[in-house]
Amino acid sequence: MAVIWTVEDEETISILLVKIIKSMGHESVHCVDADELNRQMKTSLPDLMLLDLMLRGKDGYQILVDWKKDPRTRNIPVIILSARSTERDKVKGLDLGAEDYVTKPFSVSELKARINTALRRIVPASQKLEAGALVLEPDERQAFVDGEAVSLTTQEFQLLHYLARHPGQLVTRAQLLTDVWGYQSETDTSRTVDYHIRSLRKKLGDEASNPRFIETVHGSGYRLLTGE
Ligand code: CA
């Protein structure tokens, strides 16, 4: 079961969305605008959000921009649901980081399929992860290289787990500081990240100059190589 939020100001569509989400066995929370969404975000977060574009107050694009800026929500997928059906609108939505774009009126079965696809892409925190010769078992908090267990500190494991959940993607130092260390501001503590990356590499038998697992993206951050 997933928690799916909807931001939609038309009552008939809101009722339909909630009905669809519940019929799929998921939990739904409905918000009519950005203000209600912000209040809701103070106490919880969803697994997926369905977002209308034309809303009272802040519009859906602006909500999406804020959502992608906030380290707590940036990895939570958003499906835009809108009557705006031009190519330009769709490209704009996807460029701003939406996972998908569904035009209204939509068919119930199509929306269900899109929701299922978005949910399948979410990696549960407990799922075993593999990147080439590197394997992570989050339940046991254990990492393996070439089948051999590697002893990591909690912090090192969390750092590696975060990188492994974003395989092949650039992960910035600021992102690591907020998402792994929980720092609120992006103060200059990037040396903390570099220090832990260094000790992690040592334990994995990895080299910065010729990386097998963790690649340095100069001036930006790090990337976990997928071994492909
Ligand atoms: Ca609307």
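Pro 105 is found in the loop between strand S5 (100-103) and H5, where helices (H or I, at least four residues) and strands (E, at least two) are DSSP runs numbered from the N terminus. The peptide bond that leads from Lys 104 into Pro 105 is cis, with omega near -5°. For comparison, most residues other than glycine have a negative phi, and most peptide bonds are trans. The model is a predicted one, in which local features need pLDDT of at least 70 and side-chain atom pairs count only at pLDDT 80 or more, while totals for chains, interfaces and linings use all residues. Residues are numbered from 1 along each chain as its sequence is written, and side-chain values use heavy atoms, with hydrogens and water left out.

The chain is divided into domain 1 (3-120) and domain 2 (129-224), with bounds that come from an automatic or database domain assignment. Between the C-alpha centres of domain 1 and domain 2 there is a distance of 31 Å.

Two helices come next. Two packed helices are described by the angle between their axes and the distance between the axes. Helix H1 (residues 11-23) packs against helix H5 (residues 108-120) at an angle of about 60°, and their axes are 11 Å apart. Here axes are lines fitted to C-alpha atoms, for helices over the stretch in contact, and angles run from 0 to 180 degrees between N-to-C directions. H1 and H5 are therefore oblique to each other; angles under 35 degrees count as roughly parallel, over 145 as roughly antiparallel, 65 to 115 as roughly perpendicular and the rest as oblique. The crossing of H1 and H5 is right-handed, a crossing being right-handed if the near helix is turned clockwise from the far one by less than a right angle, and left-handed if anticlockwise. On the H1 side, Leu 16, Leu 17, Ile 20 and Ser 23 meet Val 108, Leu 111 and Lys 112 of H5, contact meaning heavy atoms within 4.5 Å. Sorted by class, the contact of H1 with H5 has five nonpolar residues, one polar and one charged. In this sorting, Ala, Val, Leu, Ile, Met, Phe, Trp, Tyr, Cys and Pro count as nonpolar, Asp, Glu, Lys and Arg as charged, and the others, Gly among them, as polar.

The sheets can be followed strand by strand. Strands of a sheet pair through backbone hydrogen bonds, either parallel or antiparallel. An open sheet of four strands has the order S6-S7-S8-S9, with antiparallel pairing; two strands pair if DSSP finds at least two bridges between them. Strand S6 (129-131) and strand S9 (148-150) stand at the edges with a single partner strand each, so one side of each is left without a neighbour in the sheet. On average, neighbouring strands of this sheet are turned by 25° against each other, direction ignored. Helix H6 (residues 154-164) packs on the sheet and touches S6, S7 and S8, its direction making about 110° with that of S7.

Within this sheet, S6 and S7 pair over three bridges in the antiparallel sense, and Leu 129 has Leu 136 in S7 as its bridge partner. Two residues lie between the strands in the hairpin of S6 and S7, where Gly 132 takes a positive phi near 60°. Strand S7 (residues 134-137) pairs with strand S8 (residues 142-145) over four bridges, again in the antiparallel sense, and Leu 134 stands opposite Val 145 in S8. The hairpin of S7 and S8 has four residues between its strands. Arg 141 lies in the loop between S7 and S8, and its phi near 50° is a positive value in a residue other than glycine.

A further open sheet, of three strands, has the order S10-S12-S11 and antiparallel pairing. Its edge strands, strand S10 (170-172) and S11, each pair on one side only. Neighbouring strands of this sheet are turned by 35° against each other on average, direction ignored. S10 is joined to S12 by three bridges, and Thr 172 stands opposite Gly 221 in S12. Strand S11 (residues 214-217) and strand S12 (residues 221-224) run antiparallel and are joined by four bridges, with Glu 215 opposite Arg 223 in S12. The hairpin of S11 and S12 has three residues between the strands, and Gly 219 in the turn has a positive phi of about 80°. H6 lies across S10, S11 and S12, running at about 70° to S12.
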